[in-house]
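Work through the exercises below with the sequence and the structure side by side. Each task is followed by a solution in steps.

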Amino acid sequence: MKAVILLSGGLDSSTVLYQAKADGCECYALSFNYQQRHLRELEAAAKIAEAAGVAAHQVVEFDLKRWGGSALTDHNIDLPCDRTLAEMSATIPITYVPARNTIFLSLALAYGETIGADRIYIGVNALDYSGYPDCRPDYIAAMQSVFRLGTKQGREGNAITINTPLIDLKKTDIIQLGNSLGVPWEYTWSCYGGEAQACGVCDACRLRLAAFEALGLTDPISYAKR
């Protein structure tokens, strides 16, 4: 059974890769250089892919920075920092990248149909405080319809399925799952702002640190501020 894994190198996508392995899949990791400000995550993705022993790891390049519209692709927009979890959940944040998961899933679908994949795994999470619109169950259901209707494989009755094993999990649950699967957290990267060290103050860092702390665990990566 072949699976394409959307791998950013972060906590969620790394857990999903290891879950796909545990599910018995031959894993083909797919990462994206879309000129995001946190390109450091691609180094993490490469380390995770190697540690997991994937069949192949590809990095697809395109430029979303030319349009901006997000703090992750426009350096003139400040990253939100030092926000409480309540503040993060109040609105869709400026770190939302327009249509990003639709682009990612479309490219994964094209790749998957080419290699005869059965599944695509993506680490979306509807309970995360960010509340991104393209991480929710109704969005995934709509994209599954696209997979069925928009491909030869789908029209022949063998549509690639979108697997979202984390969609109903809290961040603490994801860490516990990753621990049970042996995810090497020290290779992962979640920060939106840092390079040599994670910043510790952006939304992604604060969510991650809060979850490790809630479990009484120490996050093994280095932070400029904890």
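**Exercise 1.** In which loop is Cys202 found? Then state whether Cys202 is buried or exposed, and list what Cys202 touches beyond four places in sequence.

Solution. The model is a predicted one.
- Step 1: Cys202 sits in the loop between helix H7 (171-181) and H8.
- Step 2: The relative accessible area of Cys202 is 0%. Buried means under 20%, so Cys202 is buried.
- Step 3: Not counting residues up to four places away in sequence, Cys202 touches Pro80, Cys81, Cys191 and Tyr192.

**Exercise 2.** Describe the largest pocket: how much space lies in it, and which element gives the largest share of its lining?

Solution. 
- Step 1: The space in the largest pocket is about 250 Å³.
- Step 2: Its lining consists of 16 residues. Nearest the pocket centre lie Arg206, Leu209, Ala210, Glu213 and Arg226.
- Step 3: Helix H8 (residues 203-214) supplies the largest share of the lining, 5 residues.
- Step 4: Sorted by class, the lining has 7 charged, 6 nonpolar and 3 polar residues.

**Exercise 3.** How many residues does the largest nonpolar core have, and which element gives the most to it?

Solution. 
- Step 1: In soluble globular proteins, nonpolar side chains tend to be buried together.
- Step 2: Here the largest nonpolar core has 44 residues. Val4, Leu6, Tyr34, Leu105, Ile120 and Phe147 have the most contacts inside this core.
- Step 3: Two or more residues of this core come from each of strand E1 (2-6), strand E2 (26-33), helix H4 (100-115), helix H5 (137-149) and H8.
- Step 4: H4 gives the most, with 6 residues.
- Step 5: Take Leu105 as an example. Apart from neighbours within four places in sequence, Leu105 is in contact with Leu6, Ile120, Ile122, Tyr139, Met143, Phe147 and Ile162.
- Step 6: There is also a second, separate core of 24 residues, and Ile5, Ala49, Ile174 and Trp185 are included in it.

**Exercise 4.** What are the C-alpha separations of Pro220 from Trp185 and of Ala214 from Thr151?

Solution. 
- Step 1: Pro220 is found in the segment after H8, and Ala214 is in helix H8.
- Step 2: Pro220 and Trp185 are 35 residues apart along the chain, and their C-alpha atoms are separated by 6.7 Å.
- Step 3: Pro220 is in contact with Trp185, Glu186 and Phe212, leaving aside neighbours within four places in sequence.
- Step 4: Ala214 and Thr151 are 63 residues apart in sequence, and 43 Å lies between their C-alpha atoms.
- Step 5: The relative accessible area of Pro220 is 44%, so Pro220 is partly exposed. Ala214, at 60% relative accessibility, counts as exposed.

Terms used. Residues are numbered from 1 along each chain as its sequence is written. This is a predicted model: local features need pLDDT of at least 70, side-chain atom pairs count only at pLDDT 80 or more; totals for chains, interfaces and linings use all residues. Side-chain values use heavy atoms; hydrogens and water are left out. On a 1 Å grid over the protein atoms alone, a cavity is a set of points where a 1.4 Å probe fits but cannot get out, and a pocket is an open set with protein on both sides within 12 Å along at least five of seven lines; lining residues have an atom within 4 Å of a point. Grid points are joined across faces, edges and corners, and a volume is the space filled by probe spheres set on the points. Helices (H or I, at least four residues) and strands (E, at least two) are DSSP runs, numbered from the N terminus. Ala, Val, Leu, Ile, Met, Phe, Trp, Tyr, Cys and Pro count as nonpolar, Asp, Glu, Lys and Arg as charged, and the others, Gly among them, as polar. A nonpolar core is a set of buried Ala, Val, Leu, Ile, Met, Phe, Trp, Tyr and Cys residues joined through side-chain atoms within 4.5 Å. Buried means under 20% relative accessible area, exposed over 50%, partly exposed in between (1.4 Å probe, protein chains only). Contact means heavy atoms within 4.5 Å.
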